[in-house]
Amino acid sequence: MTVQDHSAAPATRPPLARRWRNGWLRTSVISAVMLASGLWLFLGGWLIGYPFNEPTVDARLHEMIVGVIVFLTALARLIRPRGVSSDLLIAVAGGWLIAAPFALSYGGTAKADAARVNDIATGGLLVVLAVVSLALWLRSSASRSR
């Protein structure tokens with residue numbers, strides 16, 4: 001019978017720099033920003049105070065739908081390993097937000113202008129995050145295959 005040495009130091013987490021290089025921390029940060037963007041899209045219409053006229057009601061509805069999709073996708077990215085499909089879904093959602101003010105014609109009021117700016121800025125952020133996440137995924141999968 002052998003005696004095991006339990007006096008050794010317990011296993012510690014890898015240092016922050018190594019977790020960043022391994023990609024876990026980067027994808028968690030990207031997913032957290034996506035999660036916050038989804039929450040902002042869902043609540044932003046009320047916080048900005050879009051008027052309840054026809055074009056901005058459409059803007060609010062589309063922002064809420066995209067917000068729910070982005071929020072749930074980002075939450076899933078935090079829970080399970082990410083893949084190409086989640087990045088593509090976020091990129092498409094961001095692209096729709098950029099196109100929506102032009103496709104739906106939000107109107108000409110100052111609040112409609114705020115809705116346009118909100119959609120284009122948030123959509124642009126989501127597209128950039130999705131492209132960066134996809135590039136990181138492709139880089140990590142290429143390095144694993146070597």
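1. Contact here means heavy atoms within 4.5 Å. With that in hand, take F42. Leaving aside neighbours within four places in sequence, F42 is in contact with E63, M64, G67 and V68. The C-alpha atoms of F42 and V68 are separated by 6.7 Å, though the two residues are 26 residues apart along the chain. F42 sits in helix α2. Its relative accessible area is 30%, so F42 is partly exposed. The bands are these: buried is under 20% relative accessible area, exposed is over 50%, and partly exposed lies in between (1.4 Å probe, protein chains only).

2. A word on the basis. This is a predicted model, in which local features need pLDDT of at least 70 and side-chain atom pairs count only at pLDDT 80 or more, while totals for chains, interfaces and linings use all residues. Residues are numbered from 1 along each chain as its sequence is written, and side-chain values use heavy atoms, with hydrogens and water left out.

3. Confidence comes next. pLDDT is the predictor's confidence in each residue, from 0 to 100. The protein chain averages 80, and 75% of the residues score at least 70. Where pLDDT is low, the predicted coordinates should not be read in detail.

4. The fold is quickly stated. The protein chain has five helices and zero strands. Along the sequence the pattern reads α-α-α-α-α. Helices (H or I, at least four residues) and strands (E, at least two) are DSSP runs, numbered from the N terminus. Among contacts between residues at least 6 apart in sequence, 66% join residues at least 24 apart.

5. Now the surface. The accessible surface of the protein chain comes to about 8,700 Å², and 71% of it belongs to carbon and sulfur atoms. Areas come from the Shrake-Rupley method with a 1.4 Å probe; for residues, only the protein chains shown count as cover. Buried residues make up 33% of the 146 residues.

6. What lies inside? The largest nonpolar core has 14 residues, of which M34, V66, V70, I90 and L126 touch the most other members. Helices α2, α3, α4 (84–104) and α5 (110–145) each supply at least two residues of this core. Apart from it lies another core, of six residues, including Y50, A100, A112 and A115. A nonpolar core is a set of buried Ala, Val, Leu, Ile, Met, Phe, Trp, Tyr and Cys residues joined through side-chain atoms within 4.5 Å. In soluble globular proteins, nonpolar side chains tend to be buried together.

7. Not counting residues up to four places away in sequence, L126 touches M34, S37, L41, V70, I90, G94 and L97. V128 is also worth a look. V128 is found in helix α5 and is partly exposed, at 49% relative accessible area. V128 and G94 are 34 residues apart in sequence, yet 8.7 Å apart in space, C-alpha to C-alpha.

8. Which residues make the nonpolar surface patch? They are L39, W40, F42, L43, W46, L47, V68, L72, L75, L78 and I79, with an area of about 1,000 Å². The elements that give two or more residues to the patch are α2 (24–48) and α3 (54–79). The largest share, six residues, comes from α2. One of the members, L43, lies in helix α2 and is partly exposed at 35%. Patches are made of residues with over 30% relative accessible area and no salt bridge: like charges are joined within 9 Å, nonpolar side chains (Val, Leu, Ile, Met, Phe, Trp, Tyr) within 5 Å.

9. V29 also lies in helix α2. V29 is partly exposed, at 40%. V29 and L78 are 49 residues apart in sequence and 9.4 Å apart in space, C-alpha to C-alpha.

10. How many salt bridges does the structure hold? It holds two. A salt bridge is a side-chain nitrogen of Lys or Arg within 4 Å of a carboxyl oxygen of Asp or Glu. One joins the side chains of D87 and R77 (2.5 Å, N to O). This pair links distant parts of the chain: D87 is in helix α4 and R77 in helix α3, ten residues apart. D87 counts as buried, at 1% relative accessibility. R77 is buried too, at 5%.

11. The side chains of D113 and R116 also meet in a salt bridge (2.3 Å, N to O). These two are three residues apart in helix α5, so about one helical turn separates them. D113 counts as partly exposed, at 36% relative accessibility.
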